[in-house]
Amino acid sequence: MKKTTRNPSLLVLAAIVALGGGSALLRPDLLSFLHRQIAPERSAPELPAPGADKAELGGTKLGACRAVDGDTLRCGSERIRLLGIDAPEMPGHCHGSRVCAPGDPFASQRHLAAALDGNLTIHRMGTDRYGRTLATVSGSAGDLSCGQLKAGLAIYKPRWDNQHRVASLCPEQAQDTL
């Protein structure tokens, strides 16, 4: 008799669906866990426990980063989408019926690049549909999302602000763009 091996990832997925229904799959901690089970060599960064506060999270130091545009960084192989803001898209990236942030994308990118000096600290919040890390990042000039808002080079997006992190870090700037 031939022995059948079962993929443990599929068993975990089946258990989650059975216990919590489809909504359980939307929890970032479970998504991260499943991703590590399916592709351990390309695992997602560790995510904070749901409800963890800033003191618990601490933050992680980042290495050298560059600004891809006004709201996205690349730090090594990790792509990071700044939480709670939308910056103007680089030419050719605002397609179809998509509503894109107004403004000069090159000025927004330059401003973000200039803020990348000094030690950077990241607070990871999950990943977006493109596989980018969603996070707040701070440097010597403070929080990068807040800096983009204060300079008028991005707009605040409350629905993209997980746990209202950006609104709590710079309430004046978040209110100005609502």
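Which residue of strand 7 is the bridge partner of Leu82? In the predicted model, that partner is Ala135.

The protein chain holds 178 residues, and 39% of them are buried. Its secondary structure consists of 7 helices and 9 strands. Among contacts in the chain with a separation of 6 or more, 52% are between residues 24 or more positions apart. The accessible surface amounts to about 10,600 Å², and carbon and sulfur atoms contribute 55% of this area.

Strand 4 spans residues 78-82. Of its 5 residues, 4 are buried, and the strand is thus described as mostly covered.

Strand 3, formed by residues 72-75, runs antiparallel to strand 4 and is joined to it by 4 bridges. Within this pairing, Thr72 has Arg81 of strand 4 as its bridge partner. Strands 3 and 4 form a hairpin with 2 residues between the strands. In this hairpin, Gly76 adopts a positive phi near 65 degrees.

The pairing with strand 7 has another direction: strand 7, made up of residues 133-139, runs parallel to strand 4. Here the two strands are joined by 3 bridges, and the link between Leu82 and Ala135 involves strand 7 through Ala135.

Terms used. Residues are numbered from 1 along each chain as its sequence is written. This is a predicted model: local features need pLDDT of at least 70, side-chain atom pairs count only at pLDDT 80 or more; totals for chains, interfaces and linings use all residues. Side-chain values use heavy atoms; hydrogens and water are left out. Buried means under 20% relative accessible area, exposed over 50%, partly exposed in between (1.4 Å probe, protein chains only). Two strands pair if DSSP finds at least two bridges between them. Contact means heavy atoms within 4.5 Å. Accessible areas come from the Shrake-Rupley method with a 1.4 Å probe; for residues, only the protein chains shown count as cover.
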